[in-house]
Amino acid sequence: MLTTVLFTRKLTTMTKAFAYLRVSGKGQVEGDGFTRQVEAIRKFAASNDFKIAKVFKEEGVSGTTDWENRPAFSEMMAAMLANGTRTVLVERLDRCARDLMVQESIIADFRRKGLKIVSVNEPDLCSDDPSRVLMRQMLGAFFQYEKTLLVAKLRGARQRIRARDGRCEGRKPYGTRSGEPEVVERMKALRNQGLAFDKVAEALNKEHLMPRAGSRWYPTSVQRILKASDAL
């Protein structure tokens, strides 16, 4: 009886949290990136009385992209502001963002909203202690440096392929794959009706016209796609 009472009491004191996972390349989606991240988060959660309410996966999104342009992150933020879950667990801060400025802006935005982000491999780096703030910024600078080196290597590889083959194709923009041109045309039709970007996104979601990544449309995504379409 005592064991049952203690176990029940422990469950009631657990803090609900979301888990946020991100891999930057489409090829990493089927690799061990997600598995490694979720294992680290679940291990931390079990040792620190967190209950994972939901796992959000960002597939093939750069760490330098601000959170408004991340479908899974945007969906998670909306859920956090709506249902009372106030904490998100990430494997490392570079899963949240590699760019130092994006890191700091996300952390600051969480604080303004009364939310908390916990890096399970750096659990106290988000505190207000000056030494921890400095450490977080130093790590962000190193992550940004690593990303810059990676971009330089990829650029060099593309240049070599282009010199050898005469072309090097990157990720094709939205609207070039099967079924996507019709969605772009629907966006344009809704805009021509005078709808704002948020209303266009809402209409697409109601019509179950899914984006390439994520489960719903957001105003920033609609605006970006229409702007790119007009530039073609």
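Trainee: How many of the residues in the protein are buried?

Mentor: In this predicted model, buried residues make up 34% of the 232 residues. Those residues are arranged in nine helices and four strands.

Trainee: Why is Phe18 called buried?

Mentor: The cut-off for buried is under 20% relative accessible area. Phe18 has 3% relative accessibility, so Phe18 counts as buried. Phe56, with a relative accessible area of 4%, is buried too.

Trainee: What makes Phe18 and Phe56 an aromatic pair, and which kind of pair is it?

Mentor: Ring centres have to lie within 6.5 Å, and planes over 60 degrees apart count as edge-to-face. Here the centres are 5.1 Å apart and the planes make an angle of 75°, so the pair is edge-to-face. Phe18 lies in strand E1 and Phe56 in strand E2, so the pair ties together parts that are 38 residues apart in sequence.

Trainee: How do you know that Tyr174 and Trp217 are edge-to-face?

Mentor: Their planes are 90° apart, with 5.4 Å centre to centre. Tyr174 sits in the loop between H6 and helix H7, and Trp217 in the loop between H8 and helix H9, so this pair joins parts 43 residues apart in sequence. Tyr174 is buried, with a relative accessible area of 18%, and Trp217 is buried at 3%.

Trainee: How many aromatic pairs does the structure hold?

Mentor: There are five aromatic pairs. Tyr20, Phe73 and Phe110 also form one aromatic cluster.

Trainee: What makes Glu180 and Arg212 a salt bridge?

Mentor: The nitrogen of Lys or Arg must be within 4 Å of a carboxyl oxygen of Asp or Glu. For Glu180 and Arg212 the N to O distance is 2.8 Å, so the pair is a salt bridge. It links distant parts of the chain, with Glu180 in helix H7 and Arg212 in the loop between H8 and H9, 32 residues apart. Glu180 counts as buried at 7% relative accessibility, whereas Arg212 counts as partly exposed at 22%.

Trainee: Is Lys206 buried or exposed, and how do you know?

Mentor: Exposed means over 50% relative accessible area. Lys206 has 59% relative accessibility, so Lys206 counts as exposed. The side chain of Lys206 meets that of Glu202 in a salt bridge of 3.2 Å, N to O. Both residues lie in helix H8, four residues apart, about one turn of the helix. Glu202, at 36%, counts as partly exposed.

Trainee: Why does Arg22 have no salt bridge?

Mentor: The limit is 4 Å, and the nearest side chain of opposite charge, Asp94, is 5.6 Å away, so Arg22 has no salt bridge. The side chain of Arg22 does reach the backbone oxygen of Asp94 at 2.6 Å.

Trainee: Which residue does Asp94 form a salt bridge with?

Mentor: Asp94 forms one with Arg92, the closest N and O atoms being 2.5 Å apart. Asp94 is buried, with a relative accessible area of 1%, while Arg92 is partly exposed at 24%. Both belong to a network of salt bridges that links Arg36, Glu91, Arg92, Asp94 and Arg95.

Note on methods. Residues are numbered from 1 along each chain as its sequence is written. This is a predicted model: local features need pLDDT of at least 70, side-chain atom pairs count only at pLDDT 80 or more; totals for chains, interfaces and linings use all residues. Side-chain values use heavy atoms; hydrogens and water are left out. Buried means under 20% relative accessible area, exposed over 50%, partly exposed in between (1.4 Å probe, protein chains only). Lys and Arg count as positive and Asp and Glu as negative; His and the chain ends are not counted. A polar contact is a pair of N or O atoms within 3.5 Å; within protein, one must be able to donate a hydrogen and the other to accept it, and residues adjacent in sequence count only if both atoms are side-chain atoms. Rings of Phe, Tyr and Trp (its six-membered ring) pair if their centres lie within 6.5 Å; planes under 30 degrees apart count as stacked, over 60 as edge-to-face and the rest as tilted. Helices (H or I, at least four residues) and strands (E, at least two) are DSSP runs, numbered from the N terminus.
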